[in-house]
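Trainee: I am new to this structure and would like to learn how to read its features step by step. Could you take me through them with care?

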Amino acid sequence: MENLKLQNDYLKGLEQNICYKKILNMADTIDVLKGNWKIPIIICLSFGQKRFGEISKELKSITDKTLSKELKFLEENLLIVRDIIDEYPLQIKYRITDHGLSLTKILMVLKEWGESHRETIVMHQSKKDIGELTPS
């Protein structure tokens, strides 16, 4: 009987460990993408190499300080590369890496889910506005 309890405890520990590892991997992904600007910057650079000012113009309301911080973070995570073009005047351009492009599938799924979610919320709100929803 005690052997069975030890076995059950071991299996529970194993399940929690497997769950923890899966959550850890997901947490890494979320950490890399969280915030207001990382995904827009990745999308912006997926259309080609750009200078700091070009990225800033495309993202409109991002501050230079925030853009600089986010570019550094994305570079540290190997999602983008900062190329220094040794010409006069010196130019710095940012481009997405193959590793960064590997996020394309994730971003497409997020986009599709966002569209579906928005439709669901709008439909729910319109039903609520016309009184079709019944309290549960």
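Predicted model: local features only at pLDDT ≥ 70, side-chain atom pairs only at ≥ 80, totals over all residues.

Trainee: What is the phi of Lys-60, and how should I read it?

Mentor: As a general idea, most residues other than glycine have a negative phi, and most peptide bonds are trans. Here Lys-60, which is not a glycine, has a positive phi near 50°. Lys-60 counts as exposed because its relative accessibility is 69%, where the cut-off for exposed is over 50%.

Trainee: Which residues of helix H3 are buried?

Mentor: In H3, which spans residues 52-59, the buried residues are Ile-55, Ser-56 and Leu-59. Viewed down the axis of H3, these buried residues fall within an arc of 100°, so they line one face of the helix. The general idea is that an α-helix has 3.6 residues a turn, so residues three or four places apart point the same way.

Trainee: Where does Leu-78 lie, and is Leu-78 buried or exposed?

Mentor: Leu-78 lies in the loop between H4 and S2, and Leu-78 is exposed, with a relative accessible area of 58%. Although Leu-78 is not a glycine, its phi is positive, at about 65°.

Trainee: What does the side chain of Thr-97 reach?

Mentor: The side chain of Thr-97 reaches the backbone oxygen of Leu-78, at 2.7 Å. Thr-97 sits in the loop between S3 and helix H5 (98-101), and Thr-97 counts as buried because its relative accessibility is 12%, the cut-off for buried being under 20%. Leaving aside neighbours within four places in sequence, Thr-97 is in contact with Leu-78, Leu-79, Ile-80 and Val-81.

Trainee: Which residues does a cis peptide bond join?

Mentor: The cis peptide bond joins Tyr-88 and Pro-89, with an omega of about -5°. Pro-89 has its place in the loop between strand S2 (80-85) and S3.

Trainee: How many aromatic pairs does the structure hold, and what lies over the face of Phe-73?

Mentor: A pair of aromatic rings is described by the distance of the centres and the angle of the planes. This structure holds zero aromatic pairs, but Lys-38 lies over the face of Phe-73, at 4.6 Å from the ring centre.

Technical notes:
Residues numbered from 1 in each chain as written. Heavy atoms only, no water. Phe/Tyr/Trp six-rings, centres within 6.5 Å; stacked < 30°, edge-to-face > 60°. Lys NZ or Arg CZ within 6 Å of the ring centre and 35° of its normal. Buried < 20%, exposed > 50% of the residue type's maximum accessible area, 1.4 Å probe, protein only. Helix = DSSP H or I, 4+ residues; strand = E, 2+ residues; numbered from the N terminus. Arc of directions from axis to C-beta. Polar contact = N/O pair within 3.5 Å; in protein donor to acceptor, adjacent residues only side chain to side chain. Contact = heavy atoms within 4.5 Å.
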